[in-house]
Amino acid sequence: MRFTVLMGAIAVLGASIALNVILFSQAKKYYLELNETRLDPVGLSTYSTSPSPSQNRPRVVFFGDSRAENWTFPEMSQYEFIDRGISSQTSVQAIQRFQQHVRPLQPRVIIVQVGINDLKTIALFPERKAEIIANCRSNIERIVQESKALGAIVILTTIFPVGDVPLQRQSFWSDEIGQAVQEMNRELAALASDRVMIFDAFSILADSQGKLRSDYRMDELHLNQQGYSRLNQALIEPLEMLKL
């Protein structure tokens, strides 16, 4: 009996140590991100040089946060694809670097995926939920307007769904984040126009519960290669319709 109790206590202690290690690692990651942001608030140094002007193929730029940064390009030889996503960025950071990171590229098409890093702060500031959603919507609308001012066609993707949140993150999470994603996506749909196409990534990636499908997820926020492949299958059609 004593041996069983002892082994149980050791197991609990081991689990506690493992959880503390995970929490420390997560805290260290966020601490590094915070201080890196202080040095370069909008990530201007991330893309310090621009490719030479494209002569033969129209340029398509993926712009936004890590979900844009990790997006593998579809296999379409008629386009030149360039990535200008930056991990952990909010919509306000994205719009503040648009002129430096996107304008010089002279893109014909801009694919926008941004917003989740705004909305996930609702768990920390629940009393500011309406303000966070309104600001996110306003910033994304500014990105769309700046893109149109360049003469580009905008493919505005709805914000990807989120997946099941691991234990170490649950203290900093809220079910209202998923609700805010769907509310924001309804807002984004209203931005459709003759030069703004809405690409409903959420519906492609979500399961019946409105969460990121397990076979498409790398973690609770990010897609694996299969997820991006599925998006590209759907993205090829609107890109081909443009006939640029």
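**Entry 1: charged pairs**

I began with K129, which forms a salt bridge with E176, the closest N and O atoms being 3.7 Å apart. The model I am reading is a predicted one. I located K129 in helix α5 and E176 in helix α6, so to speak two distant parts of the chain, 47 residues apart. E176 has a relative accessible area of 31% and is therefore partly exposed.

I then counted the salt bridges and found eight in the structure. Another of them joins D164 and K211, with the closest N and O atoms 2.8 Å apart. D164 is in the loop between β4 and α6, and K211 is in the loop between α7 (201-205) and α8, so this pair ties together parts 47 residues apart in sequence. I looked up the accessibility of both partners: D164, at 47%, counts as partly exposed, and K211, at 37%, is partly exposed as well.

Next I examined R169 and E220, whose side chains meet in a salt bridge of 2.8 Å, N to O. R169 sits in the loop between β4 and α6 and E220 in the loop between α7 and α8, 51 residues apart. Both R169 and E220 are buried. I also noted one network, in which salt bridges with shared partners join R137, E141 and E187.

**Entry 2: overall layout**

I recorded eight helices and five strands. Along the sequence they follow the pattern α-β-α-β-α-β-α-α-β-α-β-α-α. Of the 244 residues in the protein, 43% are buried. Among contacts with a separation of 6 or more, 71% are between residues 24 or more positions apart. The accessible surface comes to about 13,100 Å², and carbon and sulfur atoms hold 54% of that surface.

**Entry 3: nonpolar cores**

I found 37 residues in the largest nonpolar core, where F63, L119, I143 and L156 have the most contacts inside it. The elements giving two or more residues to this core are β1 (59-64), α3 (91-101), β3 (109-113), α4 (116-119), α5 (129-149), β4 and α6. Helix α5 supplies the largest share, six residues.

I listed the contacts of L156 beyond four places in sequence: V112, I140, V144, L188, L191, V196, M197, I198 and F199. Apart from this core lies another, of 23 residues, including V109, L212, L223 and L235.

I checked V102 separately, in the loop between α3 and β3. Its relative accessible area is 0%, and V102 is therefore buried. Leaving out residues up to four places away in sequence, V102 touches F63, R97, P107, I110 and L150. The C-alpha atoms of V102 and F63 are separated by 8.1 Å, although these residues are 39 apart along the chain.

**Entry 4: aromatic rings**

I counted eight aromatic pairs. F62 and W71 form a tilted pair, 5.0 Å centre to centre with 45 degrees between the planes, and both residues are buried. W71 also pairs with Y228, again tilted, at 5.8 Å centre to centre and 45 degrees between the planes. This second pair links W71, in the loop between α2 (66-69) and β2 (80-85), to Y228 in helix α8 (residues 225-242), 157 residues away. W71 and Y228 are both buried.

**Entry 5: surface**

I placed F172 in the loop between β4 (153-157) and α6 (175-189).

Key:
Residues are numbered from 1 along each chain as its sequence is written. This is a predicted model: local features need pLDDT of at least 70, side-chain atom pairs count only at pLDDT 80 or more; totals for chains, interfaces and linings use all residues. Side-chain values use heavy atoms; hydrogens and water are left out. Helices (H or I, at least four residues) and strands (E, at least two) are DSSP runs, numbered from the N terminus. A nonpolar core is a set of buried Ala, Val, Leu, Ile, Met, Phe, Trp, Tyr and Cys residues joined through side-chain atoms within 4.5 Å. Buried means under 20% relative accessible area, exposed over 50%, partly exposed in between (1.4 Å probe, protein chains only). Contact means heavy atoms within 4.5 Å. Accessible areas come from the Shrake-Rupley method with a 1.4 Å probe; for residues, only the protein chains shown count as cover. Rings of Phe, Tyr and Trp (its six-membered ring) pair if their centres lie within 6.5 Å; planes under 30 degrees apart count as stacked, over 60 as edge-to-face and the rest as tilted. A salt bridge is a side-chain nitrogen of Lys or Arg within 4 Å of a carboxyl oxygen of Asp or Glu.
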